[in-house]
Every structure is written in C-alpha cells, then in structure tokens.
Amino acid sequence: MKKISEKCDKGEITCLRSVVAALAWVARQVRPDLSYRVSRMQSITDKAIIKDMRECNKVLAYAQETSEIGIFFSSSAPTWEEMVTCSITDASFGNCLL
C-alpha cells in the first residue's frame, strides 16, 4: 500500500485525469459549486500524489451524492425576449511573466 505522500504513477495519473475531466464537464454545465475543487485538481494533476487522488475521490463521491443539486433548465423559463445572460471570465494570461 502506498503512502499518501507518494507520487502517483502514470496509470494513476491517467485515471485521475479522466475523472477530473468528467467532473470539469459537469461543473461547467450544471454544477458551479464544484468549480473550485475541480479547478484545483486540474492544476495539480501533473504532479499528483496519492493524497490528491483521495481528494478527487471525495469530490466525485460528493458530486454523486448530491446529483439532484445544480442548475435546472425549466421549459417554463423566461422567453428569449425576457432573458439576459452574463458571463465573467478571467484566463489570467495577462499575468504571465516572460
């Protein structure tokens, strides 16, 4: 059994990437409450340790246990004429130092 501070091997990183990618899709589409934890996992995937895999499993379990939570698109929503959509993003590319 590996210690939680040991680095993940290539196979484990591949599995981690797969789960994180699936969670990222869900977070973008209907579960903004998962966004921070998923984003953090995306940033550490290349240098993941066993502790990170355990955290990923916790996020996955939470997402599954709370699958009824999320953005709901109702058929009785406002009409296109009434609706307003606002998106705020920050890719932080302007903060790069060369």
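**Entry 1: Arginine 31**

I looked up arginine 31 and found that it is buried, with a relative accessible area of 3%. I note at the outset that the model is a predicted one. Buried means under 20% relative accessible area, so the 3% of arginine 31 falls within that class. I then located arginine 31 in the loop between helix 1 and helix 2. I also listed what arginine 31 touches, leaving aside its neighbours within four places in sequence. The contacts are Val26, Tyr62, Ala63, Thr66, Ser67, Ile69 and Gly70.

**Entry 2: Glutamine 29**

Next I turned to glutamine 29, which lies in helix 1. I asked how exposed glutamine 29 is. Glutamine 29 is partly exposed, and its relative accessible area is 37%. With neighbours within four places in sequence left aside, I found glutamine 29 in contact with Ile71 and Phe73. I checked one distance as well: the C-alpha atoms of glutamine 29 and isoleucine 71 are separated by 8.1 Å, and the two residues are 42 residues apart along the chain.

**Entry 3: Leucine 23**

I stayed with helix 1, where leucine 23 has its place. Is leucine 23 buried or exposed? At 4% relative accessibility, I record leucine 23 as buried. I noted that leucine 23 touches Val38, Met41, Cys56, Val59, Leu60 and Ala63, residues up to four places away in sequence not being counted. I also looked up the separation between leucine 23 and isoleucine 88. They are 65 residues apart along the chain, and their C-alpha atoms are separated by 21 Å.

**Entry 4: Helix 3**

I then examined helix 3, which covers residues 50-65. How far apart are the end C-alpha atoms of helix 3? They are 23 Å apart, which agrees with the 22 Å that the 16 residues should span at 1.5 Å a residue. I asked which residues of helix 3 are buried. They are Ile50, Asp52, Cys56, Val59 and Ala63. I recalled a general point here: an α-helix has 3.6 residues a turn, so residues three or four places apart point the same way. What covers the buried residues of helix 3 includes helix 1 (10-29) and helix 2 (35-44).

**Entry 5: Isoleucine 50**

I took isoleucine 50 from helix 3 for a separate check. Isoleucine 50 has a relative accessible area of 11% and is buried. Not counting residues up to four places away in sequence, I found that isoleucine 50 touches Lys2, Lys3, Ile4, Glu6, Cys8 and Glu12.

**Entry 6: Serine 87**

I moved on to serine 87, found in the segment after helix 3. I record serine 87 as exposed, at 63% relative accessibility. I compared its position with that of serine 76, which is 11 residues apart from serine 87 along the chain. The C-alpha atoms of these two serines are separated by 22 Å.

**Entry 7: The whole chain**

Finally I looked at the chain as a whole. What does its secondary structure come to? I counted three helices and zero strands, and the pattern along the sequence reads α-α-α. The radius of gyration is 17 Å, well over the 13 Å that the globule rule gives for 98 residues, so the chain is more spread out than a compact globule. I noted that the C-alpha atoms fill a box of roughly 55 × 40 × 15 Å along the principal axes.

I looked up burial for the chain: buried residues make up 21% of the 98 residues. Of the contacts with a separation of 6 or more, 71% come from residues 24 or more positions apart. The accessible surface comes to about 8100 Å², and carbon and sulfur atoms account for 59% of this surface.

Notes. Residues numbered from 1 in each chain as written. Predicted model: local features only at pLDDT ≥ 70, side-chain atom pairs only at ≥ 80, totals over all residues. Heavy atoms only, no water. Helix = DSSP H or I, 4+ residues; strand = E, 2+ residues; numbered from the N terminus. Rg over C-alpha atoms; globule rule 2.2 N^0.38 Å. Buried < 20%, exposed > 50% of the residue type's maximum accessible area, 1.4 Å probe, protein only. Contact = heavy atoms within 4.5 Å. Areas by Shrake-Rupley, 256 points an atom, 1.4 Å probe, with all protein chains shown as cover. Expected span 1.5 Å × (residues − 1).
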